[in-house]
Amino acid sequence: MLEDLQANGLILSDQNGTRRRPSRDEMVNMLVDTISETAMKSERVIAKHSQLENVAIYVDYDNVYWTLKNSYLHDPDDTNLERNLFAQLWNTYDRDNVRVFKAFGDFEQIACDMTSLQKKRIQLRHVYANGKKDEHRKNASDIELCLDAIETTYTDPNISCYVFVTADSDMIPIMSRLMYKGKHVELYYVPSAASKQFDITSYAHRAVDLLEFLNIQVKEYKIENYVIGALEFIENWERKFQENPEVFLGRSWLFMKLREVLAIPESAGSQLLEFLETNEYIFLDNKKYYDKGRDEHTMKKSYRLAAKGIRCLKEYAKEAAASKES
């Protein structure tokens, strides 16, 4: 009982440890301190609420889409609204508070349903990259996004909160500039894709992990479990096209098809191809190739099953047949 009273300031202890009741002046001081602390907390709550009354949301969709699709097999515009990026952002900031909600990307390359995004009241900004895919693609949407955000600070100065959704550290300059302008900045990002040289979270008042925000489960891929599937795919390709001079099995196309057929992310696909080559399950062979455009024959590097890969498939077929018989 005395401990509870002491914790609440109703019983004080002298230097020698003697417990006593506070004097009238001490009670008044404690009351003033309590009122002041409560007032400060209320002011912080009101200030935070006012900051979120006028919100602008900017999504680097080129960046976010490819990172989530390639690394986590997740579509940002998921049919499950609890895992849908746009639905969750609307729920977080409230439709009555959002003044700007824009997504920037090369929508000729992104395999998304633009009608679905527009029905969610997303303002789409198409930014042509360079027409190429994967590692050859140039992301220009981040530049347009930053220019648009800076322009908004002049055209709509009432915007008090800027929300940036990205997968890397390209937004650091614009977030830093807006913080200097006295704006409240919030960030949604993918930690694994962010630069290790800079702490991107230090440039925002609040930072949220997109994987946690969208409840994306990070799956561990054991490469050994996909070896047979990859070898079977290459074996089937050889049966159909090895004698066809108009096609060859190049690395980029094989990489893309293995990810598609085996349903694995980009990082696992790279590891799988490296594993198959390093352990000599497959090898690059010279294949005679007919170039229709130039009307000439040439040699192309094309993947084939190595002796170890063929032997592995035979052993797997025997084991599968034995298990069926038993």
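1. Gly-105 stands opposite His-126 in strand 5. Strand 4 (residues 98–105) and strand 5 pair in the parallel sense through 4 bridges. Two strands count as paired if DSSP finds at least two bridges between them; helices (H or I, at least four residues) and strands (E, at least two) are DSSP runs, numbered from the N terminus.

2. The model is predicted: local features need pLDDT of at least 70, side-chain atom pairs count only at pLDDT 80 or more, and totals for chains, interfaces and linings use all residues. Residues are numbered from 1 along each chain as its sequence is written, and side-chain values use heavy atoms, with hydrogens and water left out.

3. The open sheet holds 6 strands in the order 5-4-3-6-7-8, with parallel pairing. Its edges are strand 5 (123–126) and strand 8, each of which pairs on one side only. Neighbouring strands of this sheet are turned by 15° against each other on average, direction ignored; axes here are lines fitted to C-alpha atoms, for helices over the stretch in contact, and angles run from 0 to 180 degrees between N-to-C directions.

4. Helix 6 lies across strand 3 (55–60), strand 4 and strand 6, and runs at about 170° to strand 3. Contact means heavy atoms within 4.5 Å.

5. Strand 7 (residues 184–189) has 6 of its 6 residues buried, so this strand is largely enclosed by the rest of the structure. Buried means under 20% relative accessible area, exposed over 50%, and partly exposed in between (1.4 Å probe, protein chains only). In a regular strand the side chains alternate between the two faces of the sheet. Here His-184, Glu-186 and Tyr-188 point one way, whereas Val-185, Leu-187 and Tyr-189 point the other way.

6. On one side, strand 7 pairs with strand 6 (residues 161–165) in the parallel sense over 5 bridges, and Val-165 stands opposite Tyr-188. Strand 6, helix 7 (residues 172–180) and strand 7 make a right-handed β-α-β unit; right-handed means that, with the strands pointing away from the viewer, the path from the first strand over the helix to the second runs clockwise. Strand 7 is also joined by 4 bridges to strand 8 (residues 206–209), again in parallel.

7. Arg-206 is the bridge partner of Glu-186 in strand 8, and the two residues also form a salt bridge, with their closest N and O atoms 2.8 Å apart. Arg-206 lies in strand 8 and Glu-186 in strand 7, so the pair ties together parts that are 20 residues apart in sequence. Glu-186 is buried, at a relative accessible area of 2%, whereas Arg-206, at 33%, counts as partly exposed. A salt bridge is a side-chain nitrogen of Lys or Arg within 4 Å of a carboxyl oxygen of Asp or Glu.

8. By that rule the count comes to 9 salt bridges. One of them joins Lys-102 and Asp-148 (3.0 Å, N to O). This pair links distant parts of the chain, Lys-102 in strand 4 and Asp-148 in helix 6 (residues 141–155), 46 residues apart; both residues are buried. Glu-238, Asp-285 and Arg-304 are linked in a network of salt bridges.

9. Helix 3 is mostly covered, with 10 of its 12 residues buried, among them Trp-66 and Tyr-72. Leu-73 follows the helix and has a positive phi, near 55°.
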